[in-house]
Amino acid sequence: MQKEVKERSNLALVAAVQLPNVSDAEFEASLTELRELAKTLGYDVVKTFVQKRAGFDIKAYLGEGKREEIRAFVNHESYEVEFDKAPPNINDWEIDTVLVDHEISPSQARNLEKEVGCEVMDRTMVILEIFHRNARSRAARAQVEIARLGYMAPRLREAAKLAGPQGRQRSGEGGRGAGESHTELDRRKIRDRIAELQQDILAMEAERKTQRARRQERQGLAGVALVGYTNAGKSTLMRALTGSEVLVANKLFATLDTTVRALYPESIPRILVSDTVGFIKNLPHGLVASFKSTLDEALDASLLLHVIDASDPGFERQLEVTNEVLSEIGADEVPRIRVFNKIDFVGDATAQAELEITLQSRYPDCVVMSARRPEDVAMLHKKIVEFYQQDQVEAELFLPWEAQQLRKDIYATCQVLAETSDHEGAFFKVRGEPSAINKLTESVKLSQGIKSV
Ligand SMILES: Nc1nc2c(ncn2[C@@H]2O[C@H](COP(=O)(O)OP(=O)(O)OP(=O)(O)O)[C@@H](O)[C@H]2O)c(=O)[nH]1
Ligand SMILES: [Mg+2]
């Protein structure tokens, strides 16, 4: 009888070294985040091994005793097996992967792998893998591929080195040639491919810039960007504020591309909202650089909505990480509103009220809300519109009958407070941005100039 195909288990262990300068709370928060990242990749984390050390072990990240403990566990040799979270089948389990909560060197990874007897993935690799799976647009895919290649290059070299002189003729990882010359070749190939992708990205960026310029040119649009830590609720707010269907998921890095939609109900001026990629602590360097262009949208925005998950115990650290990244990309100057979201998810009503008071006093002018409450969304909507209307001035415009084609522009860029007309044309009392009013005045003059030629 044909043997049934065993379902892939995807069980993982988490292993981490706690360095002396890292507090227990910080360490725990990071481990929780790694477990969330693992879940996003489809892993069941069944146990966590931790160890306090002055530094990482040069050879294999963890100390010898801890490595042995993990090896015994993975190989079912532990004296007593205890899970943090039981695997789906307690009688038949196999650990696929050990996830390490730091970025480790290629040789540390290889040594650890050999010793414990299963695959080892570090934090960077985990994040890269999620980005790889979630990237949808051509630009996002290219950026992720660059970051992955940058990460893989030194690891290929390591694989070749470990294979040694005898290994050069034989196969290395996955049956691939691992000889010196092969490595050289691989390295050149990687370099070429990165260069090629960078060219593509430059071209796509230029394209995006012109699109953006056109968009702004066309309507003198006001742009709001939703920024913040991954899973804070940016896409949920985007949906609520624009009535659109963007992807919302309770997993990390659900959004990897920037989407732009108009604020709904519409306002004057018309406001565009963009949703951006989430931030995370220790984002792999390759990704920080390559995702800058995605975050460019934040730089172009005239207002940032910094969304924070108020129900996450580590939200203050997440808030700082976002601030740091924003300042790295030069977005310090952009005005911002802090939006503490998911307040509905914080304990009971008393706890919610208490946290709200604390937040309001610590971050004056912040918004404390839940994206799930329509009245809160309406309040945020109002606040955004007010931001754009604060510089508006009142003005009077006269539009001769011959220039009536400009009427729609008046309505598109200003609030019309009153409209009267006589035999020569229409008078408008409007409220709008000084720049929008200037533009309209110019257009009226221009249309009359053309007529009188
Ligand atoms: N209870 C509660 N859950 C919320 C709220 N806002 C969002 N969520 C949930 O939080 C999870 C993450 O929401 P998203 O909108 O995908 O988060 P994001 O910030 O776009 O995340 P990334 O795209 O990964 O950066 C989803 O399961 C949402 O349903 C809220 O106000 N209250
Ligand atoms: Mg999102």
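View 1. Tyr363 is buried, with a relative accessible area of 13%, where buried means under 20%, exposed over 50% and partly exposed in between, for a 1.4 Å probe and protein chains only. This is a predicted model, in which local features need pLDDT of at least 70 and side-chain atom pairs count only at pLDDT 80 or more, while totals for chains, interfaces and linings use all residues. Residues are numbered from 1 along each chain as its sequence is written, chains are lettered from A and ligands numbered from 1 in the order in which they are written, and side-chain values use heavy atoms, with hydrogens and water left out. Phe340 also counts as buried, at 0% relative accessibility.

**View 2. The rings of Phe398 and Phe427.** These two rings form a tilted pair, because their centres are 4.8 Å apart and their planes stand at 40 degrees; rings of Phe, Tyr and Trp (its six-membered ring) pair if their centres lie within 6.5 Å, and planes under 30 degrees apart count as stacked, over 60 as edge-to-face and the rest as tilted. Phe398 is partly exposed, with a relative accessible area of 29%, and Phe427 is likewise partly exposed, with a value of 37%.

**View 3. Charged ends over aromatic rings.** The charged end of Arg155 lies over the ring of Tyr151, 3.7 Å from its centre, and that of Lys47 sits over the ring of Phe49 at 5.6 Å from the centre; this requires NZ of Lys or CZ of Arg within 6 Å of the ring centre and within 35 degrees of the ring normal. Phe49 also belongs to one aromatic cluster with Phe73, Phe83 and Trp93.
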